[in-house]
Amino acid sequence: VAAIGGIINGVAQERIHELEDEVEPQGLEHFHKMIKDMVILLEKSITFVKQKDSSDFQDYHARRLVEMTSNVMIAYLMMRDAAHSERKKIVLEQYIDFAYAEVKMKSEIITNDVCCLIKNQDVILQGKN
């Protein structure tokens, strides 16, 4: 939950944009497009959480946003290294296949306003049938 502040306030997005400027996508265009799509999904999710203006909603989805942000940053770092190594290109491909699906899933959970547990937390915590 502590890391969410830097994500909501845009610090993480600034670093992501710096990483974007540092990469050289020659020969890695397919992966680069996938990472850029991950960034779009992340930014869409962050905007959605901010617009909800609810600390409960933000806390509920904080872990998802932190994991999405981490996936994007790691993907950029791996792409940077893959530009210099065929072996690392294979590792990047493996990573992107899973990270892209994970970011997409978490974005859908957030932007589809999944918050059943928030709405029903009193009933759930009371433990009554």
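User: In this model, is the crossing of α3 and α4 left-handed or right-handed?
Analyst: The model is a predicted one. In it, α3 and α4 pack with their axes 10 Å apart. The crossing of α3 with α4 is left-handed.

User: At what angle do α3 and α4 pack, and are they roughly parallel or roughly antiparallel?
Analyst: The angle between α3 and α4 is about 160°. Angles over 145 degrees count as roughly antiparallel. The relation of α3 to α4 is therefore roughly antiparallel.

User: How do the residues in the contact of α3 with α4 divide by class?
Analyst: The two helices span residues 29–52 for α3 and 55–82 for α4. Their contact is made of 16 nonpolar, 5 polar and 2 charged residues.

User: Is Asp53 buried or exposed, and what is its relative accessible area?
Analyst: Asp53 sits in the loop that joins α3 to α4. The cut-off for exposed is over 50% relative accessible area. Asp53 is therefore exposed, at 72%.

User: How many helices and how many strands does the chain have?
Analyst: Read from the N terminus, the elements run α-α-α-α-α-α-α. The count for the chain is 7 helices and 0 strands.

User: What are the spans of the C-alpha trace along its principal axes?
Analyst: The chain has 129 residues, of which 34% count as buried. Along the principal axes, its C-alpha trace spans about 60 × 30 × 20 Å.

User: Which residues does Tyr76 contact, leaving aside neighbours within four places in sequence?
Analyst: Tyr76 is among the residues with the most contacts inside the largest nonpolar core. It is also one of the α4 residues that meet α2. Beyond its sequence neighbours, Tyr76 is in contact with Ile16, Leu19, Glu20, Val23, His32, Ile35, Lys36 and Val39.

User: Are α2 and α4 roughly parallel or roughly antiparallel?
Analyst: The axes of α2 and α4 are 10 Å apart and the helices pack at about 20°, with a left-handed crossing. Their contact has 7 nonpolar, 1 polar and 4 charged residues. Angles under 35 degrees count as roughly parallel. The pair α2 and α4 is therefore roughly parallel.

User: How many nonpolar, polar and charged residues make up the contact of α3 with α5?
Analyst: The axes of α3 and α5 come within 9 Å and cross at roughly 25°, which makes the two helices roughly parallel. This crossing is left-handed. Met34, Met38 and Phe48 are among the α3 residues in the contact, and Leu92, Ile96 and Tyr100 are among those in α5. By class, the contact divides into 13 nonpolar, 3 polar and 5 charged.

User: Which residues does Ala83 contact, leaving aside neighbours within four places in sequence?
Analyst: Ala83 lies in the loop between α4 and α5 and is partly exposed, with a relative accessible area of 38%. Its C-alpha atom is separated by 37 Å from that of Asp59, 24 residues apart along the chain. Outside its sequence neighbours, Ala83 is in contact with Glu24 and Leu28.

User: What is the relative accessible area of Gln94?
Analyst: Gln94 belongs to helix α5, which covers residues 86–111. Gln94 falls in the partly exposed class, because its relative accessible area is 46%.

Notes:
Residues are numbered from 1 along each chain as its sequence is written. This is a predicted model: local features need pLDDT of at least 70, side-chain atom pairs count only at pLDDT 80 or more; totals for chains, interfaces and linings use all residues. Side-chain values use heavy atoms; hydrogens and water are left out. Helices (H or I, at least four residues) and strands (E, at least two) are DSSP runs, numbered from the N terminus. Buried means under 20% relative accessible area, exposed over 50%, partly exposed in between (1.4 Å probe, protein chains only). A nonpolar core is a set of buried Ala, Val, Leu, Ile, Met, Phe, Trp, Tyr and Cys residues joined through side-chain atoms within 4.5 Å. Contact means heavy atoms within 4.5 Å. Axes are lines fitted to C-alpha atoms, for helices over the stretch in contact, and angles run from 0 to 180 degrees between N-to-C directions. Angles under 35 degrees count as roughly parallel, over 145 as roughly antiparallel, 65 to 115 as roughly perpendicular and the rest as oblique. A crossing is left-handed if the near helix is turned anticlockwise from the far one by less than a right angle, and right-handed if clockwise. Ala, Val, Leu, Ile, Met, Phe, Trp, Tyr, Cys and Pro count as nonpolar, Asp, Glu, Lys and Arg as charged, and the others, Gly among them, as polar.
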